Amino acid sequence: MKQIKVELNMLDTCQLKIDQEMKENDTEYINTEILTILSNRINDMYNSMFLLFPVEKTSLSEYIEFCSNNTLFITKCSNMLDTLMSRYHSDPEVHITAATYEFDDRNDVESARKFFAEGLKYHKNCSSLILEKINAILAQHKENDEGMRTVKFNFRKNLKNINIKIAKANSKTTKEKLIEEKQKILNNYKTCEKSIQRGLSDLYEQLDNI
């Protein structure tokens with residue numbers, strides 16, 4: 001871990017130096033691969049550490065922060081978390097950290113659910129793990145609820161507009177086309193409503209299963 005910190009400090013120093021050079025030379029880009037080389041090396045060191053030693057919340061949080069600050073490794077981070085969560089189950093906080101990252105930072109609900117579920121499989125009575133999962137479920141519930149309100153608002157607006165157009169239509173052909181368009185609006189609304197309701201049903205089922 002000490003060596004990783006040394007490399008991270010070196011990465012920060014190089015980044016500051018490059019930023020300074022760009023500012024002094026009034027340019028937005030400097031052609032150098034040093035940041036990529038250092039970042040790859042740090043990522044490899046983290047991977048080796050996680051595969052050789054037990055995963056701790058602190059080291060995992062630091063790795064997540066590193067990946068969040070280096071967009072090149074965002075996908076690699078998720079892949080590594082997927083591997084780690086399937087291998088290590090000694091600390092529920094590790095599962096919480098991984099799931100929270102996927103849910104809050106990457107908006108990946110499925111991965112977050114999977115990590116929470118994996119943690120609860122081995123730590124059924126961990127109150128913090130249960131609470132975090134409930135919070136994630138409720139947050140998604142809120143998101144679905146807001147989505148439904150948006151759908152309803154747009155539906156009412158579109159329906160009002162199409163009804164006005166139908167009332168003002170001068171020809172039978174135009175009116176028939178507008179009526180067809182109105183039916184499409186109605187069908188789309190019903191489809192969206194059913195989809196969101198299914199999502200809510202899934203959320204309630206998850207709460208029941210905790």
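Author: A crossing of two helices is called left-handed if the near helix is turned anticlockwise from the far one by less than a right angle. With that term in hand, the packing can be described, bearing in mind that the model is predicted.

The protein has eight helices and zero strands. Along the sequence, the pattern accordingly reads α-α-α-α-α-α-α-α.

Two packed helices are described by the angle between their axes and the distance between the axes. For α2 and α3, the angle is about 155° and the axes lie 11 Å apart. An angle over 145 degrees counts as roughly antiparallel, and α2 and α3 are therefore roughly antiparallel to each other. The crossing of α2 past α3 is left-handed. On the α2 side, the contact is formed by S39, I42, N43, Y46, N47, M49 and F50, and on the α3 side by S59, L60, E62, Y63 and F66. Sorted by class, this contact of α2 with α3 comprises seven nonpolar, four polar and one charged residues.

A second pair consists of α5, residues 92-105, and α6, residues 109-122, which pack at about 165° with axes 7 Å apart. That angle makes α5 roughly antiparallel to α6. Here too the crossing is left-handed, with α5 passing α6. From α5, the residues in contact are H95, I96, A98, A99, E102 and F103; α6 contributes V109, S111, A112, F115, F116, E118 and G119. Eight of the residues in the contact of α5 with α6 are nonpolar, three are polar and two are charged.

In soluble globular proteins, nonpolar side chains tend to be buried together. The largest nonpolar core in this model has 24 residues, and the members that touch the most others are Y46, F50, L60, Y63 and L81. Two or more residues of this core come from each of α1 (2-24), α2 (34-52), α3 (57-69), α4 (74-87), α5 and α6. Among the core residues, Y46 and F50 of α2 and L60 and Y63 of α3 also belong to the contact between those two helices. L81, once its neighbours within four places in sequence are set aside, is in contact with L60, I64, A98, Y101, E102 and F115. Of these partners of L81, A98, E102 and F115 also take part in the contact of α5 with α6. A second, separate core has nine residues, including I162, I166, A169 and I185.

Taken over the protein as a whole, 33% of the 210 residues are buried.

Conventions:
Residues are numbered from 1 along each chain as its sequence is written. This is a predicted model: local features need pLDDT of at least 70, side-chain atom pairs count only at pLDDT 80 or more; totals for chains, interfaces and linings use all residues. Side-chain values use heavy atoms; hydrogens and water are left out. Axes are lines fitted to C-alpha atoms, for helices over the stretch in contact, and angles run from 0 to 180 degrees between N-to-C directions. Helices (H or I, at least four residues) and strands (E, at least two) are DSSP runs, numbered from the N terminus. Angles under 35 degrees count as roughly parallel, over 145 as roughly antiparallel, 65 to 115 as roughly perpendicular and the rest as oblique. Contact means heavy atoms within 4.5 Å. Ala, Val, Leu, Ile, Met, Phe, Trp, Tyr, Cys and Pro count as nonpolar, Asp, Glu, Lys and Arg as charged, and the others, Gly among them, as polar. A nonpolar core is a set of buried Ala, Val, Leu, Ile, Met, Phe, Trp, Tyr and Cys residues joined through side-chain atoms within 4.5 Å. Buried means under 20% relative accessible area, exposed over 50%, partly exposed in between (1.4 Å probe, protein chains only).
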